[in-house]
Amino acid sequence: MPGSDNASTTGLTAPELSGVRRLSALEAVRARIALAVDLGLLAPGDRLPGTPQIAPALDVSEITTRRALVSLCNDGVLERRRGRGGGTLVAAHPTPGTVLTTDAYRMAGDAVHRLIDHRLALECGIAHLAAVRASDEDLSELRELVEEMDRAPSWAEFHSCDERFHLRLAEATGSSSITLRRGSARALPLLPALPVGRAARFQP
């Protein structure tokens, strides 16, 4: 939602942005973040995870990530806030079309939003069935995974727990027609998003 801080690396690793890899490492990071902002995957005021989380998510070095973030701040796409509650955030009024190398990928915007809608419908349906059919054992294991996410010391560990939670939730429906393989929950963009407190906790 605009003005919220619940951004995460999942918005930067959507399959539709994968073509940006044809650019140099620095321009690929700039293009992914700028395109995510232009498409609304990252909204004004959203706080980005720290450099140690973004770098492995985009398969680049921390130095390259840091240079990309600084350049996007200079371009008016992002802004850096100091002090408590600070970090790197999407600018209140980000400059659209700043990174010209994203033009070739901008036409994929509709596909990105269709995937978001698909995931929203899928997750709501799975959650409903699990709520109706889950056993006490299912609920206990799901609760343990949520608690493990709350204790996660890093974004990588949180993301791993989150994936296991979604896979276990699908199993709790008891439906053999609902199957999620490992990695499928991670591949869909945006959801689940990183809560504000967790994003701030994982800032360097």
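## Surface and overall numbers

Accessible areas here come from the Shrake-Rupley method with a 1.4 Å probe, and for residues only the protein chains shown count as cover. On that basis the chain has an accessible surface of about 10400 Å², and carbon and sulfur atoms own 55% of that surface. Of the 204 residues, 46% count as buried; buried means under 20% relative accessible area, exposed means over 50%, and partly exposed is in between, with a 1.4 Å probe and protein chains only.

A word on ground rules: this is a predicted model, so local features need pLDDT of at least 70 and side-chain atom pairs count only at pLDDT 80 or more, while totals for chains, interfaces and linings use all residues. Residues are numbered from 1 along each chain as its sequence is written, and side-chain values use heavy atoms, with hydrogens and water left out.

pLDDT is the predictor's confidence in each residue, running from 0 to 100. The chain averages 75, and 68% of its residues reach 70 or more. Among the elements, H3 has the highest mean pLDDT, at 94, and helix H8 (residues 196-201) the lowest, at 37.

Contact here means heavy atoms within 4.5 Å. Residues 185-204 are also below 50, and that stretch has 64 contacts in the model beyond near neighbours in sequence. Where pLDDT is low, the predicted coordinates should not be read in detail.

## Fold layout

The chain has eight helices and two strands. Both kinds of element are DSSP runs numbered from the N terminus: helices are H or I with at least four residues, and strands are E with at least two. Reading from the N terminus, the order is α-α-α-β-β-α-α-α-α-α.

Taking contacts in the chain with a separation of 6 or more, 69% come from residues 24 or more positions apart.

## Nonpolar cores

A nonpolar core is a set of buried Ala, Val, Leu, Ile, Met, Phe, Trp, Tyr and Cys residues joined through side-chain atoms within 4.5 Å. The largest one has 22 residues, and Ile33, Leu48, Leu72 and Leu78 touch the most other members. H1 and H3 are the elements that give two or more residues to this core, with H1 supplying the largest share, seven residues.

There is also a second, separate core of twelve residues, including Ala130, Met149, Ala152 and Ala172. As background, nonpolar side chains in soluble globular proteins tend to be buried together.

Thr65 sits in helix H3 (residues 62-74). Thr65 counts as buried because its relative accessibility is 0%. Setting aside neighbours within four places in sequence, Thr65 is in contact with Thr51, Ile54, Ala55 and Val60.

## Salt bridges

Eight salt bridges turn up in the whole structure, each being a side-chain nitrogen of Lys or Arg within 4 Å of a carboxyl oxygen of Asp or Glu. One of them joins Arg30 to Glu27, with the closest N and O atoms 3.3 Å apart. These two are about one helical turn from each other because they are three residues apart in helix H1 (residues 25-38). Arg30 counts as buried at 10% relative accessibility, whereas Glu27 is partly exposed at 26%. Glu79 and Arg81 form another bridge, 2.7 Å from N to O; Glu79 is partly exposed at 24% relative accessibility, and so is Arg81 at 40%.

Glu148 and Arg164 make a bridge with closest N and O atoms 3.1 Å apart. That pair links distant parts of the chain, 16 residues apart: Glu148 is in helix H5 (residues 136-151) and Arg164 in helix H6 (residues 155-172). Glu148 is partly exposed at 28% relative accessibility, and Arg164 is partly exposed with a relative accessible area of 28%. Finally, Asp138, Glu141, Arg168 and Glu171 are linked in a network of salt bridges.

## Cysteines

With a disulfide taken as a pair of cysteine sulfur atoms within 2.5 Å, the count is zero. Cys73 is partly exposed, with a relative accessible area of 24%, while Cys161 is buried at 3%.
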